[in-house]
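This briefing is meant for a reader who is meeting the structure below for the first time. Please look over the sequence and the model before going on to the notes.

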Amino acid sequence: MLQKQLENDNAATGTPATLGGVLYGAMSSAPVPETDWVALVRAIAAGDQVALHSLYERSHRLVFTLILRMTSSRETADELTLEVFHEVWRRAYRYEPREGTVLGWLMNHARFRALHRLRFEARQKREFEDERRALLGALDTLTPEERQAIEAAFFGELTHFEVAIRLKEPLETVRARIQSGLQKLRKALAERKKIP
């Protein structure tokens with residue numbers, strides 16, 4: 001969306017567009033007094049939905065741009081921008097003008113949301129890698145026959161009967177291998193969880 005607007009500005013005027021031109025292009029050249037921003041937040045605190053819409057229209061591009069730069073994801077920036085303004089709706093009564101400007105307050109919310117998301121995603125990735133390593137380590141405790149039967153049953157989504165046909169083994173042998181293999185996996189994974 002931002003790139004398209006830059007291209008449109010370039011095509012229409014023949015001059016290079018700037019990020020500031022895109023963000024503030026629709027706004028008047030005169031800056032909005034801080035008292036107007038504070039009045040919007042106070043109105044939002046009183047439940048004024050029109051004030052929330054006005055604050056959103058004046059500032060959502062700045063919030064979006066900050067989050068986009070931090071997360072490098074348009075989808076995440078869209079989602080978190082909405083979360084920031086939802087938070088403003090719920091907690092506008094907490095804003096204190098002596099602690100900073102309204103835009104500063106909004107940008108702090110945006111920064112917090114982006115950092116929280118980045119930490120969450122990093123933690124999820126670490127946990128996934130840890131679980132993957134634990135599973136691979138647990139699979140190493142199996143005999144080749146147990147591993148082959150379990151992989152065919154669970155990863156190949158075959159019934160025990162279908163595994164027996166594929167492996168050309170008796171059904172009871174396949175069941176015994178799967179059962180003993182699963183017990184070994186449970187034990188190995190339980191032991192890994194106990195290790196700090």
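This is a predicted model: local features need pLDDT of at least 70, side-chain atom pairs count only at pLDDT 80 or more; totals for chains, interfaces and linings use all residues.

In which loop does K168 lie? K168 lies in the loop between helix α8 and helix α9, the latter covering residues 171-194.

**Overall make-up**

- The protein contains nine helices and zero strands, so that, read along the sequence, its pattern is α-α-α-α-α-α-α-α-α.
- Of the 196 residues in the protein, 28% are buried.
- The accessible surface of the protein comes to about 13300 Å², and carbon and sulfur atoms account for 55% of that surface.
- When contacts in the protein between residues at least 6 apart in sequence are considered, 60% of them join residues that are at least 24 apart.

**Helix α6**

- Helix α6 runs over residues 102-139 and has 38 residues.
- From the first C-alpha of α6 to the last, the helix reaches 55 Å, which is close to the 56 Å expected at 1.5 Å a residue.
- The buried residues of α6 include V102, W105, L106, H109 and A110, and among them are also A114, R117, A134, A138 and L139.

**H60 in helix α4**

- H60 is found in helix α4, which covers residues 49-71.
- H60 counts as buried because its relative accessibility is 16%, and the cut-off for a buried residue is under 20%.
- Once the neighbours within four places in sequence are left aside, H60 is in contact with L55, T81 and F85.

**Two loop residues with positive phi**

- E157 is found in the loop between α7, residues 144-155, and α8, residues 160-167.
- Although E157 is not a glycine, its phi is positive, at about 55°.
- E157 has a relative accessible area of 69% and is therefore exposed, since the cut-off for an exposed residue is over 50%.
- K168, in the loop between α8 and α9, is likewise not a glycine and has a positive phi of about 55°.
- With a relative accessibility of 74%, K168 counts as exposed.

Key: Residues are numbered from 1 along each chain as its sequence is written. Side-chain values use heavy atoms; hydrogens and water are left out. Helices (H or I, at least four residues) and strands (E, at least two) are DSSP runs, numbered from the N terminus. Buried means under 20% relative accessible area, exposed over 50%, partly exposed in between (1.4 Å probe, protein chains only). Contact means heavy atoms within 4.5 Å. Accessible areas come from the Shrake-Rupley method with a 1.4 Å probe; for residues, only the protein chains shown count as cover. The expected span of a helix is 1.5 Å times one less than its number of residues.
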